[in-house]
Every structure is written in C-alpha cells, then in structure tokens.
Amino acid sequence: AKDPVRVLVTGAAGQIGYALVPMIARGVMLGPDQPIILHMLDIPPAAEALNGVKMELVDAAFPLLKGVVATTDVVEACKGVNIAIMVGGFPRKEGMERKDVMSKNVSIYKSQASALEEHAAKDLKVLVVANPANTNALILKEFAPSIPEKNITCLTRLDHNRALGQIAERLGAQVSSVKNVIIWGNHSSTQYPDVSHAVVATEHGEEPVTKLVGDDAWLRGDFISTVQQRGAAIIKARKLSSALSAASSACDHIRDWVLGTPKGTWVSMGVYSDGSYDVPPGLIYSYPVTCENGNWSIVQGLSVDDFSRKKLVATADELTEEKAMAYSCISS
Ligand code: NAX
C-alpha cells in the first residue's frame with residue numbers, strides 16, 4: 001500500500017472547504033489508491049465549525065482517510081504537508097477598498113508562506129485558490145524563497161472548465177470531447193478565455209472549435225464575457241459564490257499536476273511567468289501547461305493574433321498593477 005499523502009486545506013470551515021475535503025478524502029484528487037491525511041486550518045472564530053467538519057469526515061468513514069488534523073494553529077497545520085490548497089483568505093466586503101483587502105491578504109499569505117517554508121515536506125506543491133489568487137500566490141512565493149517557484153501555482157482551472165462547459169453547451173457536444181481552451185492571465189474579469197487552438201473530438205477526428213461554432217462574433221463577444229462574469233452570475237443565482245465547481249476544479253488542477261495531463265491535452269494553471277508569450281517575467285500568470293512527472297511546463301509556440309495579443313497584455317497589466325499594490329502593502 002502507498003504511504004499517505006498529507007494534504008492541507010486552509011479556510012477548511014468555509015464553503016469551498018466543505019465541498020473540497022470530501023472530494024479529497026474520496027480519492028477524487030489523487031486517485032482511488034492513494035491514502036490521505038487531511039490537515040484543515042481555519043481561524044479561531046471558525047474553530048467550532050471546523051470541528052463540525054472533522055466530525056462529519058469521521059462519520060463519512062472514508063476508507064482512504066487515514067487521519068484528520070483540524071486546527072487554528074498555522075504551524076501544526078503545515079507540519080509535513082505534501083500538498084497545500086490555500087482557500088482561506090480575507091474576503092472583499094461591500095464598501096471596502098481593494099487596497100485594504102490586499103493588505104489583509106498580504107499579511108495572511110506572508111505568515112502562511114513562512115510556516116509552509118519551515119514546516120512543510122520538501123516536495124510541497126501549493127495551489128492558491130483564495131482571491132486575489134494570482135497575487136496571493138506571488139506573495140507566498142516571495143516570502144517562501146526556499147520553496148521552488150515551480151511548486152507554487154494558483155487556480156484558473158475553474159475558468160478553464162467554465163470555458164469548456166460553454167463551448168460544449170453551444171455545440172450540444174459532450175464536455176469531455178472539448179479540449180485545449182486557454183485561460184490567459186489573471187483570475188479576474190480581465191482573464192482572457194481563448195479558443196483559437198481549442199478542438200472538439202468528432203466522428204471525423206479533432207475539429208477546431210472556431211470552425212464548428214462558426215460565429216466569431218459570439219466567440220469574441222458573449223463567450224468571453226460569459227466566462228469572465230460567470231462567478232458573478234453564480235453569486236446572483238445562489239446568493240453564494242461558486243463552491244462545488246471551485247472544489248472540483250481544484251481537484252482537477254492537483255490531479256493533472258501530480259499524475260500528468262493526457263497526451264495531446266493542455267490545461268490552464270496560474271504559474272510563475274518566465275517571459276513566455278512576452279508576458280512580463282515575475283508574475284503569477286495563467287498559461288496553457290502540460291504536466292509530466294509532477295512538473296508543469298508552459299506550452300510553447302502557439303500563435304497569438306492581434307485580438308488575443310491585446311487581451312494578453314491587458315490582463316498582464318492588471319497583474320503588474322496588483323503586484324505593485326501588494327508590494328506597497330508590504331512596505332507600509
Ligand atoms: P468562505 O468565506 O466560505 O470561506 C473562507 C474561509 O477561510 C472561512 O472559513 C474563513 O474563516 C477562513 N479564513 C479566513 N482567514 C483565514 C486565515 N488567515 N487562515 C485560515 N483560514 C482563514 O469563502 P469560500 O466561498 O470558501 O471562498 C474561499 C476563497 O476562494 C475566497 O477568497 C474566494 O474569493 C476564492 N475563490 C476563488 C476561485 C478561483 O477560481 N480561484 C473561485 C471560487 C472562489 O470565489
């Protein structure tokens with residue numbers, strides 16, 4: 001039998017946490033033969049709720065779940081973890097300035113970075129979900145210099161999956177037949193969902209999404225804005241933000257990263273930019289990536305037309321601005 005993998009979920013008493021921990025304990029994230037020890041962190045006001053989640057995990061009697069650590073102590077939470085899914089953060093409340101929210105999250109991600117650096121396992125892989133996801137991941141990277149930058153990522157897989165879902169609905173196709181959409185840039189409304197290279201498996205083989213949809217106005221208009229605004233649409237409908245889809249996409253992200261992407265398929269991940277596609281280096285930027293042996297690499301050599309170029313630049317500009325804002329919070 002395999003040794004258990006220790007998986008940390010921060011903000012585990014929240015909505016996404018409640019959807020995510022049972023998926024992990026069932027093997028959705030790391031496979032049906034991988035034992036798990038779950039580490040769940042939240043803050044003291046949520047301690048009782050967190051304990052309730054722990055009780056439910058016990059009650060669910062998951063065969064793969066070999067242990068549960070539920071704590072409000074960051075050091076205890078981070079001890080020996082192999083995978084960290086950072087869902088906890090300070091939410092933007094009505095009337096709050098962006099800078100004030102940024103400043104709270106900078107201080108959270110700074111201290112959790114240090115705890116992970118000091119106490120996590122050497123092979124630690126980090127996925128940041130909490131918003132502003134890209135910039136929180138960047139702060140975590142800055143304050144955990146000994147964690148290799150390739151091991152720190154943020155979640156844009158939900159946006160990627162939303163794009164697949166919209167294309168499948170439009171074509172009346174199975175979502176599993178659609179692949180190779182790309183989310184470029186920030187997990188925010190400036191993200192660019194790009195179908196220039198996406199394909200659909202049909203009885204005639206793989207065909208381009210652009211050809212099958214045959215409506216550039218839709219692909220360059222409503223399709224993009226629907227994916228960009230999907231989070232707001234869910235809030236309007238549910239009066240709560242996306243949770244089950246976010247949890248499921250976080251599992252997809254880690255599964256593909258650890259176990260590899262299928263041949264000929266790429267996925268979107270927020271990763272540390274190296275200047276690929278003329279994006280400024282030193283941002284956490286969502287790119288198309290393939291994964292093998294636990295490592296991601298950016299898909300190179302895709303054509304980028306003028307329409308796409310402008311959108312890649314706009315979302316990079318926003319991230320550069322967020323980065324500057326985050327740095328000003330560190331120094332102030
Ligand atoms: P909830 O407010 O339900 O849960 C957040 C939890 O984090 C709470 O239990 C809270 O007590 C805890 N928390 C706060 N500060 C903490 C700290 N310092 N250490 C540990 N825990 C802490 O929010 P939920 O709906 O679960 O969303 C969580 C985060 O995911 C939010 O930042 C949200 O904006 C973000 N999202 C990101 C998505 C993505 O695709 N990247 C999509 C879904 C979601 O909107």
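Begin this tour of a predicted model with the ligand displayed and its shell selected: by class, that shell holds 16 nonpolar residues, twelve polar residues and one charged residue. In total, 29 residues surround the ligand, and the closest are Gly11, Gly14, Ile16, Gly88 and Asn131. Colour helix α1 (residues 15-25) next; this helix supplies three residues, the largest share of the shell.

**The first annotated set**

Select Gly11, Ala12, Ala13, Gly14, Gln15, Ile16, Gly17, Asp42, Asn105, Val129, Ala130 and Asn131, which an unreviewed UniProt entry lists under "binding site". Two of these positions deserve a separate view.

Centre on Ala12, in the loop between β1 (5-10) and α1. Ala12 counts as buried, because 28 C-beta neighbours fall inside 10 Å and the threshold for burial is 20 or more. Beyond its neighbours within four places in sequence, Ala12 is in contact with Gly17, Val21, Met40, Leu41, Asp42, Leu50 and Val53.

From Ala12, move to its contact Asp42. Asp42 occupies the loop between β2 (36-41) and α2 (47-60), and it is buried, with 25 other C-beta atoms within 10 Å. With residues up to four places away in sequence set aside, Asp42 touches Gly11, Ala12, Ala13, Ala47, Leu50, Thr72 and Gly88.

**The second annotated set**

Now select Arg92, Arg98, Asn131 and Arg162, where the unreviewed UniProt entry also places the feature "binding site". These positions span 71 residues in sequence and their farthest two C-alpha atoms are 25.6 Å apart, so they do not all gather at one spot.

Is Arg92 buried or partly exposed? Arg92 sits in the loop between β4 (83-86) and α4 (98-119) and is partly exposed, with 16 other C-beta atoms within 10 Å. Arg162, by contrast, belongs to helix α6 (residues 157-171) and is buried, with 23 other C-beta atoms within 10 Å. Not counting residues up to four places away in sequence, Arg162 touches Val227 and Arg230.

Keep α6 selected. This helix has 15 residues and reaches 21 Å from its first C-alpha to its last, close to the 21 Å expected at 1.5 Å a residue. Its buried residues are Arg157, Leu158, Asp159, His160, Asn161, Arg162, Ala163, Leu164, Gln166 and Ile167. Following α6 is Gly172, which has a positive phi near 60°.

Proceed to helix α11 (residues 244-259), which has 16 residues and reaches 22 Å between its end C-alpha atoms, close to the 22 Å expected at 1.5 Å a residue. Within α11, the buried residues are Ala246, Ala247, Ser249, Ala250, Cys251, His253, Ile254, Asp256 and Trp257. An α-helix has 3.6 residues a turn, so residues three or four places apart point the same way. Just after α11, Gly260 adopts a positive phi of about 100°.

**The annotated domain and the core**

Select residues 5-152, where UniProt (unreviewed entry) places "domain: Lactate/malate dehydrogenase N-terminal". The span is 42% helix and 19% strand, and its end C-alpha atoms lie 18 Å apart.

Which residues have the most contacts inside the largest nonpolar core? They are Ile85, Val128 and Val129, in a core of 94 residues. Centre on Val128: not counting residues up to four places away in sequence, Val128 touches Met86, Ala133, Asn136, Ala137, Leu140, Cys154 and Leu155.

Val68 counts as partly exposed, with 19 C-beta neighbours inside 10 Å. Its contacts, not counting residues up to four places away in sequence, are Leu38, Met40, Lys54 and Leu57. A distance drawn from Val68 to Ile108, C-alpha to C-alpha, gives 23 Å across 40 residues of sequence.

**Backbone details**

Inspect the peptide bond from Asn131 to Pro132, which is cis, with omega near -5°. Pro132 is in the loop between β5 (125-128) and α5 (133-142).

Two stops concern positive phi at residues other than glycine. Ala61 has a positive phi of about 50°; it is located in the loop between α2 and β3 and counts as exposed, with 8 C-beta neighbours inside 10 Å. Tyr277 has a positive phi of about 60° and lies in the loop between β12 (267-272) and β13 (284-292). With 20 C-beta neighbours inside 10 Å, Tyr277 counts as buried.

Methods:
Residues numbered from 1 in each chain as written. Predicted model: local features only at pLDDT ≥ 70, side-chain atom pairs only at ≥ 80, totals over all residues. Near = placed C-beta within 6 Å. Helix = DSSP H or I, 4+ residues; strand = E, 2+ residues; numbered from the N terminus. Nonpolar A, V, L, I, M, F, W, Y, C, P; charged D, E, K, R; others polar. UniProt positions renumbered as here; feature names shortened; annotations may be inferred. Buried ≥ 20, exposed ≤ 12 C-beta atoms within 10 Å, placed from the backbone. Contact = placed C-beta atoms within 7 Å. Expected span 1.5 Å × (residues − 1). Core = buried A, V, L, I, M, F, W, Y, C linked by C-beta atoms within 7 Å.
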